[in-house]
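Thanks, everyone, for making time this morning.

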Amino acid sequence: MNGQNRKDIYPGLDVEIILKKDQRSGNKTRGIVQSLLTSAAFHSRGIKVRLEDGQVGRVVSIEEGI
């Protein structure tokens, strides 16, 4: 599942994000969603979230099963 639809993402969800500094390299960071930062229902590059460890990035995939 991709992270383009806000309705699919909620606090406590296990996701992979791309941090701003990793956009060129494509390195992904895995973590648990603390809060959603994008207010739009859809974003073509992924919904922006803050992870529980404080990192901020756009969701590229939602992990099935924790």
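I will go through the salt bridges and then turn to the strands.

Before that, a word on conventions: this is a predicted model, in which local features need pLDDT of at least 70 and side-chain atom pairs count only at pLDDT 80 or more, whereas totals for chains, interfaces and linings use all residues. Residues are numbered from 1 along each chain as its sequence is written, and side-chain values use heavy atoms, with hydrogens and water left out.

A search of the whole structure gives three salt bridges, where the term stands for a side-chain nitrogen of Lys or Arg within 4 Å of a carboxyl oxygen of Asp or Glu. One of them joins aspartate 8 to lysine 7, with the closest N and O atoms 3.3 Å apart. Lysine 7 is exposed, at a relative accessible area of 70%; for the cut-offs, buried means under 20% relative accessible area, exposed over 50%, and partly exposed in between, with a 1.4 Å probe and protein chains only.

Aspartate 14 forms a salt bridge with arginine 30, and here the closest N and O atoms are 2.6 Å apart. This pair links distant parts of the chain, since aspartate 14 is in strand 1 (residues 14-19) and arginine 30 in strand 2 (residues 29-36), 16 residues apart. Strands here are DSSP runs of E with at least two residues, numbered from the N terminus. Aspartate 14 is buried, at 6% relative accessibility, while arginine 30 is partly exposed, with a relative accessible area of 47%.

Which residue does the side chain of arginine 30 also meet in a salt bridge? That residue is glutamate 63, at 3.9 Å from N to O. Arginine 30 lies in strand 2 and glutamate 63 in the segment after strand 4 (56-62), so the contact ties together parts that are 33 residues apart in sequence. Through shared partners, Asp14, Arg30 and Glu63 are joined into one network.

That brings me to strand 4, which is largely enclosed by the rest of the structure because five of its seven residues are buried. Strand 1 pairs with strand 4 in the antiparallel sense over five bridges, pairing being assigned if DSSP finds at least two bridges between two strands. Within strand 4, isoleucine 62 stands opposite valine 15. Strand 3 (residues 48-51) also pairs with strand 4 in the antiparallel sense, over three bridges, and lysine 48 stands opposite arginine 58 in strand 4. Strands 3 and 4 form a hairpin with four residues between them, and glycine 54 in the turn has a positive phi of about 95 degrees.
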